[in-house]
Amino acid sequence: MNVLLQQIANAAVLAAAYLAVTVGLFLIFNVLHIPNFAHGEMYALGAYFQYTLVVLLGLPFFPSVVLSMALVAVTGYLVERFVFRRLVGFGLLSVLMGSLALATVLQEVIRLTWGGTPISVPLPLPAVVELGNVRIGMYRLLVMGVVLVACALTGWIVYYSGFGRKLRALAQNRDLSEYAGVNVTGVGALTFMLGSALTGLAGALSSAAGSLEPHMGFYPTLVAFVILTIVGAGGRLPMVVAGGIAIAIIETLTAGYISNAMRTAVVFAMLVAFLVWRPDGAYRGAAVERARL
Amino acid sequence: MNKCLAALVAVPFALLDLSGASAQSAQQTESLRVAQIAPLTGSSADTYGASMLAGLNCVFDEVNAQGGVPIAGRRYKIDYKVYDDKFRADEVQAAARRALNDGYKFIIGPIGSGVASAAQPLMARSDAFWMISPPSVPGPTRNPNVFRPAALISAYSEATLDWLKAHPELKRIALITDQAHTGLVSAEPDLVAGIKALGREVVIQQKSKLGDTDFRAPITEAMSVKPDLYILRVYSVESALMTQQIRELGGKMLVQWNAGVGTADARALVKDLSILKDVTQVSPLLALDVFLTDGNKLAEKVAACAEKRKGNGSFTTAGHDTAVIFLEGLKRASAPTPDAMIKALAELKAADVAGKTLNVYESQDGGLVFKDREVHVRAVMQVWREGAGWVRTR
């Protein structure tokens, strides 16, 4: 076993898990400027919907992933329509507190609906792939592929589609885009739904990779915020992907070569040091007039 | 005239006071208030909280149905109330403070090592009687008002070392310990010393923390030093995740859990049970599984009650045995007070509880159950058997 190569493969698996959560938050945070702390609960909902469909209803795993995505997208729409749309005009603190309260509510809804006992979903592809001395579960490889495709599709939507043009306009200046004829309410709702669907995808895929419990989304969401903070408000999606990979590599190598107990501390210490060095994040176009998505 | 007026005013107050006292007295003859501190919410609520409370309250409800527990010639029903600590160190102090502020003098819980450690300062400051089970962390019982009818953390190490003696082929041992599990952390130096004293090599000692989900990096590191046995000294969810990831990364070594997780909970946590092949678990018997496999009739009765409460799980046995010992102490107390309870438990004989508890409480100091407020209960090595779950092994 080549330990370093295996650790890099481990980092790739971890990066896929982080990016799956981050790409949805990227849309919601960078476009709509909503610090949605209930994002982790949308991720958990994706996992629990998948559990319901696969374990309780006996549906096949992969079609259930699509259904789970759709269910989380609908939940996202409801959350945007009835919570965030009403809060957005009242300042960042209202949105922040609203999203924190929503997170707690959703956690309790999950606990009351599915219980607090950790549960799991059977792995649909239990085989393990051996690439030389490196071993990766077939399912992990599939998740990595799906996440790459999701990132590429999101990139295409944001940077090359007509909807993306409106979306980027909204990200740069909400008022001006409205004057320019962009239906900001519709674009905002659709963006929130898309971000939620991607998060639902992440949750549904994660259901077979670990245990489900109501707080399962907390840490991945925290890391997603770290990635977005490091990249900076105006950062483009490829920078987000690079940031996710960098954090996963740092965390894995710290755990493998320094101490597993230090992995989180090192990531957050580096975040603090990085923000002291570059408070705007890696991409310095955070100012409104220079913001690009 | 003034004296008459004073008497007129005083009489109703005196009557009021008397009626209050008699009402209070009547209430005391009817119930003994017991606070229970356990997770009702959070990730450990159903795994640990529900099963502990089911074990406890099956016993309390049964004794209440029989008219209550006799204390110094009077019968008291157990009036219990649960305070939610979410199994978190930051929540348990608030829960314990609420119980004390509500006037409870008898407290059962907290039920985890980390939370028991966190509540220790309140135990030390309060005049209430505390019974903690199954936390195995040393410390709380240094307070004269805290009793633990559960195995000490050293029981895990003793059983592991006994088992290793019988398995000389296991020469290279790897350990990973959850730093939030204060009991296992405190026992690590003795365990390592014991392993080395057996002539085995501790090839790696790793740390983890509660809530970790990705263990590939430490597993890869551990596999690089080729251990024969990987001892996972972590809680249940992490044990399941680690085992899954060990097998995925090609780890074929023996794996040992220290989580005290019952068969049903293991099945809920691990969908592909084939990964539990060659997995052992060392733990005091906190769940009913092994007793049920042994055909124990008392366990069958407890299981029937616990299942009605959806609480036949990881800590049902711990809850049952704690309640039995609590009641046996009360029966021998001269009054329903913490001081009388402390004296009664200090004099409780192992023979007094034999056959009433599921675990065997070994005699200490001439037949006593408690020595320095601790019991002697052995941990048991179990192995996962397909179809049966956890069964005893040698």
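Predicted model: local features only at pLDDT ≥ 70, side-chain atom pairs only at ≥ 80, totals over all residues.
**Stop 1: the disulfide**

Start by selecting B:Cys58 and B:Cys305. These two form a disulfide, and their sulfur atoms sit 2.0 Å apart. In case the word is new to you: a disulfide is a covalent bond between the sulfur atoms of two cysteines.

Now color the helices on either side of the bond. B:Cys58 belongs to helix α2 of chain B (residues 45-65), while B:Cys305 belongs to helix α11 (residues 297-308), so the bond ties together parts that are 247 residues apart in sequence. If your viewer can show torsions, check the one about the S-S bond: it comes to about -100°, which makes this disulfide left-handed.

Is B:Cys58 buried or exposed? It counts as buried, at 9% relative accessibility. B:Cys305 is partly exposed, with a relative accessible area of 23%. While you have cysteines in mind, hop over to chain A and click A:Cys151, which counts as buried at 9% relative accessibility.

**Stop 2: where the chains meet**

Next, show both chains and look at the place where they touch.

What about polar contacts? The interface has 11 residue pairs in polar contact.

**Stop 3: salt bridges across the interface**

Stay at the interface and pick out the charged side chains. How many salt bridges are counted between chain B and chain A? The count is two. For a close look at a bridge joining the chains, select A:Arg263 and B:Asp214, whose closest N and O atoms are 3.3 Å apart.

Now widen the selection. A:Arg140, A:Glu251, A:Arg263, B:Asp214, B:Arg216 and B:Glu248 are linked in a network of salt bridges.

**Stop 4: salt bridges within a chain**

Over all chains, the structure holds 29 salt bridges. Here are a few to visit.

- In chain A, select A:Arg85 and A:Glu80, which form a salt bridge with their closest N and O atoms 3.0 Å apart. A:Arg85 is partly exposed, with a relative accessible area of 29%, whereas A:Glu80 counts as buried at 7%.
- In chain B, go to B:Asp212 and B:Lys209, whose side chains meet in a salt bridge at 3.0 Å, N to O. B:Asp212 counts as buried at 8% relative accessibility, and B:Lys209 is partly exposed at 35%.
- Also in chain B, find B:Arg332 and B:Asp352, a salt bridge with the closest N and O atoms 3.4 Å apart. B:Arg332 lies in helix α12 (residues 316-332) and B:Asp352 in helix α14 (residues 350-353), so this pair ties together parts that are 20 residues apart in sequence. B:Arg332 is partly exposed, with a relative accessible area of 36%.

**Stop 5: two buried loop residues**

Finish in chain B with B:His181, in the loop between β7 (172-178) and α6 (182-197). B:His181 counts as buried, at 6% relative accessibility. Which residues does B:His181 contact, leaving aside neighbours within four places in sequence? Show B:Ser113, B:Ser136, B:Ile153 and B:Tyr235 to see them.

Then select B:Phe315, in the loop between α11 and α12. B:Phe315 is buried too, with a relative accessible area of 6%. Leaving out residues up to four places away in sequence, B:Phe315 touches B:Tyr48, B:Ser51, B:Met52, B:Ile111, B:Pro134, B:Gly260 and B:Leu286. As a last exercise, draw a distance from the C-alpha atom of B:Phe315 to that of B:Arg125: the two residues are 190 apart along the chain, and their C-alpha atoms are separated by 28 Å.

Terms used
Residues numbered from 1 in each chain as written. Chains lettered and ligands numbered in written order. Heavy atoms only, no water. Disulfide = S-S within 2.5 Å. Helix = DSSP H or I, 4+ residues; strand = E, 2+ residues; numbered from the N terminus. Buried < 20%, exposed > 50% of the residue type's maximum accessible area, 1.4 Å probe, protein only. Salt bridge = Lys/Arg side-chain N within 4 Å of Asp/Glu carboxyl O. Polar contact = N/O pair within 3.5 Å; in protein donor to acceptor, adjacent residues only side chain to side chain. Contact = heavy atoms within 4.5 Å.
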